[in-house]
Amino acid sequence: MSNKPALKEGERLDDLNIKNYFLIQNPRLFCFGMDAVLLSSFTEVKEGEEVIDLGTGNGIIPILLAAKTKGKSFLGLEIQAESVDMARRSVLYNDLSHKIRIDQGDIKKVEEYYKKESFDVVTSNPPYMNEGGGLKNPYEAKAIARHELLCKLEDVIAATAYLLKNKGRFYLIHRPYRLVDIIFLLRKYRLEPKKMQLVQPYEGKEPNMVLIEAIKNAGTLLKVLPPLIIYDNQGQYTKEVKRLYYEDDII
């Protein structure tokens, strides 16, 4: 008899094709997409480092980072109870309880949960839309994941500044139209942008995602990487994106 946690109504089990790991997801909530793959590939975690993912959702980022890096521990913070439950069961399903912990809590209250400057790396794939922007999803869980209803960009960055050790690294994926806000807020909280990569759906098309690395209390020098193109003109993944998948054994 299997000791794997059971799926609940409406849930599915997705094969991540890396280290035989699986993820429990519910399409009624918010399923992970390309942005999670991009963020996990962009994030650098060194051997022995401790990582926290803010707004972890179903726990995809901690699980991918645990699979792809030699970090010591990975913590996911999530406010929605249903997502926390799924993430915790995914951790159990993959026998990763010794490396990954999922906490339920509010990003705006990290000072109540964790010691100051206690993490080497912080990651976040936060809601992209400010509260007044875009059409809200009728499903509350999806609306919370996409819109700044329960936390704003500044809340994520302020929490990151509190959690990061001196010279610790922050990895963020967001939308380019928020880039001015992002850089302004990073510098406001002494998180210096050090590396940036724009992501384009097709060559010649306007970027629709941006990846940023910021370092706490670092000097001013921003490295802009060549843009990452997702699809070629046949609608297939480019060699660069295939490399993220195949070399990292995600698919």
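Reply: Let us begin with a pair of facing residues: Met196 stands opposite Ile212 in S9. Please note that this is a predicted model, in which local features need pLDDT of at least 70 and side-chain atom pairs count only at pLDDT 80 or more, while totals for chains, interfaces and linings use all residues. Residues are numbered from 1 along each chain as its sequence is written, and side-chain values use heavy atoms, with hydrogens and water left out.

Me: Which way do S8 and S9 run, and how many bridges join them?

Reply: Helices (H or I, at least four residues) and strands (E, at least two) are DSSP runs, numbered from the N terminus. Two strands pair if DSSP finds at least two bridges between them. Here S8 and S9 run antiparallel and are joined by eight bridges. Six residues lie between the strands of this hairpin, where Gly204 takes a positive phi near 85°.

Me: Which other strands pair with S8?

Reply: Strand S10 (residues 223-224) pairs with S8 in the parallel sense over two bridges, and Lys223 in S10 is the bridge partner of Lys195. S11 also pairs with S8 in the parallel sense, over three bridges; there, Ile229 in S11 is the bridge partner of Gln200.

Me: Why is strand S8 described as largely enclosed?

Reply: The general idea is relative accessible area: buried means under 20%, exposed over 50%, and partly exposed in between (1.4 Å probe, protein chains only). Strand S8 (residues 191-202) is largely enclosed by the rest of the structure because nine of its 12 residues are buried.

Me: How should I read a nonpolar core, and which residues of the largest one touch the most other members?

Reply: A nonpolar core is a set of buried Ala, Val, Leu, Ile, Met, Phe, Trp, Tyr and Cys residues joined through side-chain atoms within 4.5 Å. The largest one has 37 residues, of which Leu16, Leu38 and Ile100 touch the most other members. Among the elements that each supply at least two residues are helix H1 (34-42), helix H2 (60-68), strand S5 (100-104) and helix H8 (239-246). H2 gives the largest share, seven residues.

Me: Where do Arg89 and Asp85 lie?

Reply: Both residues lie in helix H3, four residues apart, about one turn of the helix. The side chains of Arg89 and Asp85 meet in a salt bridge (2.9 Å, N to O). Arg89 is buried, with a relative accessible area of 9%, whereas Asp85 is partly exposed at 28%.

Me: Is Gln25 buried or exposed, and which side chain does it join through a polar contact?

Reply: A polar contact is a pair of N or O atoms within 3.5 Å; within protein, one must be able to donate a hydrogen and the other to accept it, and residues adjacent in sequence count only if both atoms are side-chain atoms. Gln25 lies in strand S2 (residues 22-25) and is buried, with a relative accessible area of 1%. Its side chain and that of Asp14 are joined by a polar contact of 2.6 Å. A polar atom of the Gln25 side chain also lies 2.9 Å from the backbone nitrogen of Phe32.

Me: Where does pLDDT stay under 50?

Reply: pLDDT is the predictor's confidence in each residue, from 0 to 100. The protein has a mean of 89, and 88% of its residues reach 70 or more. Over residues 132-148, however, pLDDT stays under 50. Where pLDDT is low, the predicted coordinates should not be read in detail.

Key
Contact = heavy atoms within 4.5 Å. Salt bridge = Lys/Arg side-chain N within 4 Å of Asp/Glu carboxyl O.
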